[in-house]
Structure formats: C-alpha cells, structure tokens
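Hello,

Here is the structure I promised to pass on to you. Please have a look at it first, and then read my notes below.

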Amino acid sequence: MSTKLAPLGTRPSIAGRVRGGELSPRSVAFLILLWICLFIALSFLVTLIVTTFIDGMGRLDAGLITEYPSSDPERAGARPAILGSIWVIAVTAVLTIPLGVAAALHLEEFADKKNRFNRFIELNVQNLAAVPSIVYGLLALSALSLIGVRDKNIVIGGALALGLLILPVIIISTREALRAVPLDIRQASIALGASEVQTAFRQTLPAAVPGIATGTILALSRALGEAAPLLLLGALVFVSFDPNGLLSGFTTMPIQIFNWTGRPQEEFHTLASAASILLLVILLAMNAIAIIIRNRFQQRW
C-alpha cells in the first residue's frame, strides 16, 4: 500500500509551524513566565540556605552531636534528637519497605488489571500519596488508641505514622521500577520453563532493585524531615535521655528544631540553625546515596 505525500504547496511551511509552535508569542511568554517563577523560587531557597548557614556555623561543632538539650544554649546539643531520628527511621524502614515492595509486586505482576477492586486499590494508592502528613498522624493516633496504647509518644508509634505516610510513595516508585523492566525478560524466563512467581522473584525484582532503592531512600528522606504527625502523637520536645527501644520516648531533629526556634533567646535560634544545617546535610547524603545506587546498578536495555 503506497503512501502519498501532500503536494509541496499544500504542506505548512517551516515559518508557519514556528509561528504556531514553540516560538509563537504565547509559547515564548509562557516560557519566560516559567523561568521567572523558577528564578524567584530558587532565589528564596538560596537566600534561606545561605542565611541558615551564616546563623548556624558558630554552633556547628561536636557538642551539637554529643550533648543533651539544656536550658543553657551554650551547653545544649541534639544528641537525643539525632538518635531518636535514627531509631524512628530505622523502624519505619523495617515496617514499610517489605510491605510496600510486596504490595507493588502483587499489583504490578499478579493482580488482574481489569478487576474493579484492584483498580479501586490502585486509584486509592495514588490518592494517598498526596494526603497531608497530619492526616497520617491522626490515623496512627486512632490506631494506637484502638489497641489500648496509652503512651503514644513512643518509637513504634512514630514509626507507624511515618510508615503510613511513605507507604504509598514506596508502592508507586516500586511499581514504576518494575514497569521499567522489559517485557522480553519476563517472556524469556517463562519460555524457559520458569513460573510467574519464579520470574518475578528471580528476574523482574532483581532488575528493578536500583529504582526501588532510589525511591525508597527518597521516601525515607521525606519521613526524616516530618514533624507534624509526630507532634500530633505527643512526641517530646525536650528529651534528656537516649531512646533505647521500641517503647521508649523520643524526639527527632525536626521537633528539636521546632522547640529551639520557639525560644525567645537568640542563642537558641542559632542552635536551631546549626541543627537545620546538620539535618540538611543528612538529607543531602541520603539523596546522594540514592543517586549513586541508581547510577551504579542501573541497567540499560
């Protein structure tokens, strides 16, 4: 079957396509507006980061990591907050990563895409990823109340709230990583006699590990910076002890920063800026690890 080309005179000219395309006045104006908005946003962000560094560099020392909070800002530190953040994020990872990966693997590899119930679950997972974090704090508070937990400002309670927060994100990122694996790998594995379960666990899932690890680390870095759901659970703002278990009281770095910024003394504001720098460094390190994992183990098909 032959394909006829339109006569040369009837085809739109390059100048006509440019006038109605990317270089039209509306497109150029919209592009300029986007660049202006991006410049304004980056200017505020850079100003905030630079100001925080200038204010907090004087207290960015070993005492910030090793000392306990105190009413004297010269002797105060964020050790319980740092350890509390480690405890909560570690427990969150243990609770959330296996469940999120398993749910994503089921929805992507085994669930019937035409089933209404499965489509309903997929829609709700996508919607839950955009729910404000305070809602997950309320949900965790209700769950702990239903099972009769009186003291809710415990490590496992905070991990439950943050786990509910990042679970939809992990499911979505894991599904995207699984979709990136070529269908030919699945078909070749099944053609060689492997079952669908063997193919999923021995071929598809290992090939998607870089994307899964990247999405998981980014989700945990988001959880590390959250304070609202933990404050709703009654997380302590002044802790002079190290958390030592799942039922231990705790505080985290965002909560400690929130506490210091509410103090009237300027020295506490400086301390809050130093803790903000430390938290920013930790978040950047987690993001850097995610990028390294993606670049090192990413496969090209």
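What does the accessible surface of the chain come to, and what share of it belongs to carbon and sulfur atoms? The accessible surface is about 17800 Å², and carbon and sulfur atoms account for 67% of it. Accessible areas come from the Shrake-Rupley method with a 1.4 Å probe, and for residues only the protein chains shown count as cover.

A word on the ground rules. This is a predicted model, in which local features need pLDDT of at least 70 and side-chain atom pairs count only at pLDDT 80 or more, while totals for chains, interfaces and linings use all residues. Residues are numbered from 1 along each chain as its sequence is written, and side-chain values use heavy atoms, with hydrogens and water left out.

Now the overall picture. The chain has 13 helices and zero strands (helices are DSSP runs of H or I with at least four residues, strands are runs of E with at least two, and both are numbered from the N terminus). The radius of gyration is 25 Å, well over the 19 Å that the globule rule gives for 301 residues, so the chain is more spread out than a compact globule. That radius is taken over C-alpha atoms, and the rule is 2.2 Å times the number of residues to the power 0.38. Along the principal axes, the C-alpha atoms fill a box of roughly 85 × 55 × 35 Å.

Of the 301 residues, 37% are buried (under 20% relative accessible area; exposed is over 50% and partly exposed lies in between, with a 1.4 Å probe and protein chains only). Among contacts (heavy atoms within 4.5 Å) between residues at least 6 apart in sequence, 73% join residues at least 24 apart.

In an unreviewed entry, UniProt annotates residues 82–290 as "domain: ABC transmembrane type-1". UniProt positions are in the numbering used here, feature names are shortened, and annotations may be inferred rather than shown by experiment. In the model, that span is 75% helix and 0% strand, with its end C-alpha atoms 21 Å apart. The unreviewed entry also lists "transmembrane region" at several places, including residues 81–107 and 154–172. Residues 81–107 are 100% helix, and their end C-alpha atoms lie 37 Å apart. Residues 154–172 are 95% helix, with 28 Å between the end C-alpha atoms.

Some residues I looked at one by one:

- T92 sits in helix α4 (residues 79–110) and counts as buried because its relative accessibility is 0%. Leaving aside neighbours within four places in sequence, T92 is in contact with I97, A159, L162, G163, I166 and L220.
- L165 belongs to helix α7 (residues 155–179) and is buried, at a relative accessible area of 1%. Not counting residues up to four places away in sequence, L165 touches S133, Y136, R222 and E226. Its C-alpha atom is 12 Å from that of N127, 38 residues away along the chain.
- L38 is in helix α2 (residues 25–56) and is partly exposed, at 41% relative accessibility. The C-alpha atoms of L38 and I170 are 28 Å apart.
- V50 is also found in helix α2, and at 43% relative accessible area V50 is partly exposed. From V50 to F297, the C-alpha separation is 34 Å.

Best wishes
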